[in-house]
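Thanks for asking me to look at this one with you. Take a moment to turn the model around before reading on.

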Amino acid sequence: MSLDAFITETTVEGDDDGPLAGRSVAVKDNISTEGVRTTCGSAMLDDYVPPYDATVVERLKAAGATVVGKTNMDEFGMGTTTETSAFGPTRNPVDRSRVPGGSSGGSAAAVAAGEADLALGSDTGGSIRCPAAFCGVVGIKPTYGLVSRYGLVAYANSLEQIGPLAPTVESAAELLEVIAGPDDRDATTRDAGADAAYADAADGDVEGLTVGVPTELIEGADERVVRTFEAALADLEAQGAETHEVSLPSVERAVQAYYVIAMSEASSNLARFDGVRYGPETEGEGNWNEAFARVREEGFGDEVKRRILLGTYALSAGYHDKYYAKAQDARAWLKRDFDEALAEADVLASPTMPVLPFELGESLDDPLRMYLADANTVPVNLANLPAISVPAGEADGLPVGLQLIGGAFDERTLVRAASAVEA
Amino acid sequence: MCRHRLPPGARVVAGAVPRRSAPVPAVRRDYRTETLSAGPEVPCYMSETPVDPDEVRHVADLARIDLDEDEVDRFAVQFADILSYFDALDDVPEVDAEADLVNVMRPDEVRDGLTQEEALRNAPETEDGYFKGPSVS
């Protein structure tokens with residue numbers, strides 16, 4: 001039985017040599033690939049074929065990688081299970097009755113099942129780290145501005161980054177080296193990533209490394225997850241790392257702030273899907289607004305509609321200050337809390353996901369329940385920081401991920417610490 | 001769905017039993033009284049945010065998305081739940097954030113872009129090299 005990790009399988013050969021020569025890479029289906037259908041997991045883009053490559057895809061090809069397909073995802077990245085895809089769910093290769101996590105579920109499943117050596121995902125609120133944790137692979141959410149978003153179909157552009165998924169920390173770091181660095185077509189990229197080396201930091205040396213453990217990210221997590229996390233932490237200590245508890249009071253408001261900001265940005269970003277430049281054809285009755293509303297009724301799934309409507313609501317007259325402005329305050333508060341915690345620690349550690357992988361269909365009818373599963377990942381996006389999810393072990397036969405959060409552009413320290421976790 | 005309306009400080013995680021009376025961490029109280037503008041002592045987290053179907057229809061109209069009646073009813077229930085969860089933002093303190101923003105400028109220069117044919121290739125309807133849309137009024 002297929003995992004349905006891919007929406008479109010293809011073979012796009014890269015250059016003859018380069019650091020990724022001979023390696024196959026799966027690319028999430030919201031990253032533009034010239035001449036290869038790019039659906040974002042949505043009926044709206046069922047037959048959309050981009051006329052250009054995303055910067056990260058150009059860099060993959062120049063590095064010698066072979067693109068083997070476009071991976072399944074929650075529609076426009078909006079979900080935590082890959083079940084909101086218009087193309088049906090992907091299964092978790094570890095346990096096929098369970099979800100692979102999301103939204104980059106196809107990318108994580110492809111890597112975990114060996115259907116690709118490496119994969120690209122995108123992470124707006126945990127969409128690389130969650131499926132990495134659920135499928136037992138490594139995923140990196142880079143610092144905001146490290147990797148170009150040119151050619152990434154926008155969902156919430158102030159939060160999202162493209163990043164690698166891979167079987168090991170070192171191979172994830174190799175892929176990050178290839179895609180990182182400034183791009184004059186994305187003005188939010190920084191010079192920090194130019195010529196950066198990450199893979200050689202995967203040396204497992206954590207002697208003297210200080211690890212802060214935010215108590216708020218442990219409370220309320222599934223006990224089996226906490227036990228596995230604590231065992232991995234003890235193992236780090238045995239290797240010479242020092243751990244201490246920290247408190248980040250602001251994370252108690254992170255899920256609310258994340259959803260208000262992400263939904264608000266989505267309501268604006270997804271206004272482009274009007275059925276004129278791309279999208280399904282509809283019957284020609286009615287005026288512009290009526291035709292527009294009909295195309296969007298047909299082309300978008302429930303979760304996308306929910307987020308666009310709630311984002312529209314949060315930005316509408318009379319509610320902007322109550323929701324959007326307060327969410328921006330929460331974002332600033334989070335940044336300050338993280339700055340303070342990272343002044344006393346090299347990295348922060350938590351379970352990536354507070355729960356074990358859901359059963360297929362378990363959370364679809366209760367959107368708020370799905371949102372709450374993102375409690376440990378969304379704070380990182382709001383603070384623009386890098387984080388990595390690395391397998392910490394198993395509970396009841398299911399993978400548990402350990403998340404490490406670092407200072408801005410300090411991916412090397414994350415790679416070093418994570419390589420000690422997997423050792 | 002009262003499990004979603006918890007006091008600030010409490011946090012529900014999917015799959016976990018809600019903590020009914022998790023205390024507000026002491027550190028956070030210090031935060032509020034020492035450095036931040038004081039909010040109401042007991043934030044109004046119980047405030048219901050009822051969403052009636054007309055409001056859903058109004059927002060859907062603003063967002064230009066047609067909804068059928070089933071969707072309107074379902075969204076009204078879900079939105080009430082989600083918006084009351086968002087009410088917890090009421091007690092977030094104001095934080096002075098230094099703007100970490102710099103304008104990124106470059107000279108305008110002519111570069112190759114998409115050809116007209118490439119730009120039109122995904123359009124459901126075109127005419128004489130233009131996108132074709134419905135009438136505006």
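Here are my notes as a few numbered points.

1. A word on the ground rules: this is a predicted model, where local features need pLDDT of at least 70, side-chain atom pairs count only at pLDDT 80 or more, and totals for chains, interfaces and linings use all residues. Residues are numbered from 1 along each chain as its sequence is written, while chains are lettered from A and ligands numbered from 1 in the order in which they are written.

2. Start where the chains meet: 63 residues of chain A are in contact with 52 residues of chain B (contact means C-beta atoms, placed from the backbone, within 7 Å). On the chain A side, the elements giving two or more residues include α6 (254-269) and α9 (321-343). The largest share, nine residues, comes from α9(A).

3. What is chain B built from? It has four helices and two strands, in the order α-α-α-α-β-β from the N terminus. Helices (H or I, at least four residues) and strands (E, at least two) are DSSP runs, numbered from the N terminus.

4. Now find helix α4 (residues 169-179) and helix α12 (residues 411-422), both of chain A: their axes come within 9 Å and cross at roughly 160°. Axes here are lines fitted to C-alpha atoms, for helices over the stretch in contact, with angles from 0 to 180 degrees between N-to-C directions. α4(A) and α12(A) are therefore roughly antiparallel (the term covers angles over 145 degrees). Among the residues making this contact are Ala173(A) of α4(A) and Ala418(A) of α12(A).

Definitions and conventions
Two residues are in contact if their C-beta atoms, placed from the backbone, lie within 7 Å. Angles under 35 degrees count as roughly parallel, over 145 as roughly antiparallel, 65 to 115 as roughly perpendicular and the rest as oblique.
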